Amino acid sequence: MNEKLEMGKSLSDAGITNPEQVIRIISERMLDTRPRQSIRLRPYMEQAIRQNSPFGPYEADFTACWPEAKVGWAAYAAARFYASREQEVILTVGGTLKLWFNNELLLSTLDGAEWKGAPNGIAPDGSFMIPVCMRKGWNELLLKSIRDYARWGFHLTIGFPRYPGMWAKDYLFATRPTFPQKDLQGEEGFAYIGPFEPEKEEGNEGFLLPGPEFPYFPETDELRIDAPEGALSWQPTASERNVTGFVDLNELYGEEAACAYGLTYYAAARTGLTDLALRIYHTSAVRIWIDGEEVYRSMSEGWREIPIPQGGTRGQVLVKSVRSEVKWGFEAAIIDMLTDQRVDELPDLDTWRGDEARWLYIGPFGRSNSDPRDLLEHTFPVEREARFDRPYPTGEPGKFTFGGFLLPLPLSDRIWTDFFSDSGFMRSR
């Protein structure tokens, strides 16, 4: 929607009017002129504050989190937004709330509206529309929500001035909320904390003190994520399974799956300067290819250190793993033998997931009742070429799969992975 157009090379002046031809030429021109972006993968999880449509508002219903809360109780939500450049946007928000953006109070609907919006900045549904300049880099939002007699929650949209009702997500500028907690860096969503219960006035149980403007610690500590000792903590919290190095393929793909692949890359130029090795522990049958050449296979559990041949050009390692009766999975890393540091990586993949975002997992293939030896020998399309622009046949009639999952897993059993590039996005489930 925000395609940058330049004067000249007019299609209509050239006599091109056929819609299909116009779309084809514009698409080809966009590939040449629009800025290239690195692929971005972000995992998704179920949470209390979420979108119900791809471009709609984020909505919070805190009564579902704390049904016992009464009128006057408070909760907070917080998120960080990364902007690739400075950009004017419109924040559209509704609810009984206070809202800060980059530590500046922009709106308070408590005890009378106080806000910094345009005079006509009221949406048809009564929401407030606030013009904001997002700075390049990280931006922080903090929101305080008070339960009233009608609802306890809010809705929030960050949109372009031309399309304020649609969330700002396109290839020229896209911004998404991410958790501020360090352990969840890069995960999409809002952190939330509560409930904060007002004290009751002595002798008058029906009157709540302090009032809704009382500043609880989230707003006094400038988006402090580590709660004071004994206080409430921000949700959601990190899971133990987010930090394991072993890839449990049974957990990832389920009981019916029988075969899957792990894929990573290394900087091939380094092989002329130092010695690299693949270290792998596997609990079942595996085959391993380095730069397209098979270097190892085994039908049983084992541990192996495999030298990376020097002078390689592809810099790719592919591991094929077949289900076993006991445990199905593996743990692998490419190590610089001089420094004992990991060098496996996913090039052009921006995850904000830290040190763990090093492998992609592709599958499932085959059925659990298949013979492991047959599956190990069978050539699935992944072995010929790892691709992400179209699905792979799984070996079952009419069934296909996309690659791939990035581990550690999100916190929910329902997992999506978003692949963002300059041509849009693709989700696999």
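The following dialogue concerns how terms are applied to a predicted model.

Tutor: Residues are numbered from 1 along each chain as its sequence is written, and side-chain values use heavy atoms, with hydrogens and water left out. Because this is a predicted model, local features need pLDDT of at least 70 and side-chain atom pairs count only at pLDDT 80 or more, whereas totals for chains, interfaces and linings use all residues.

Student: What is the mean pLDDT of the protein chain?

Tutor: The mean is 76, and 67% of the residues reach 70 or more; pLDDT is the predictor's confidence in each residue, from 0 to 100. Over residues 407-429 pLDDT stays under 50, and the model has 89 contacts there beyond four places in sequence, a contact being heavy atoms within 4.5 Å. Where pLDDT is low, the predicted coordinates should not be read in detail.

Student: Why is A60 called buried?

Tutor: Buried means under 20% relative accessible area, exposed over 50%, and partly exposed in between (1.4 Å probe, protein chains only). A60 has 8%, so A60 is buried. The residue is in strand β3 (residues 58-61), strands (E, at least two residues) and helices (H or I, at least four) being DSSP runs numbered from the N terminus. A60 touches A48, I49, W152, G153 and F154, not counting residues up to four places away in sequence.

Student: Why does C65 count as partly exposed?

Tutor: Its relative accessibility is 26%, which lies between 20% and 50%, so C65 is partly exposed. C133, at 33%, is therefore partly exposed by that definition. A search of the whole structure finds zero disulfides, a disulfide being a pair of cysteine sulfur atoms within 2.5 Å.

Student: How many aromatic pairs are there, and what makes the pair of F62 and F154 tilted?

Tutor: The count is 17 aromatic pairs. Rings of Phe, Tyr and Trp (its six-membered ring) pair if their centres lie within 6.5 Å; planes under 30 degrees apart count as stacked, over 60 as edge-to-face and the rest as tilted. The centres of F62 and F154 are 6.2 Å apart and their planes are at 55 degrees, so the pair is tilted. F62 lies in helix α2 (residues 62-65) and F154 in strand β11 (residues 153-159), so the pair ties together parts 92 residues apart in sequence. Both F62 and F154 are buried.

Student: Why is the pair of Y261 and F365 called edge-to-face?

Tutor: Their centres are 5.5 Å apart and their planes are at 85 degrees, over 60, so the pair is edge-to-face. Y261 is in strand β17 (residues 259-265) and F365 in strand β26 (residues 360-365), 104 residues apart.
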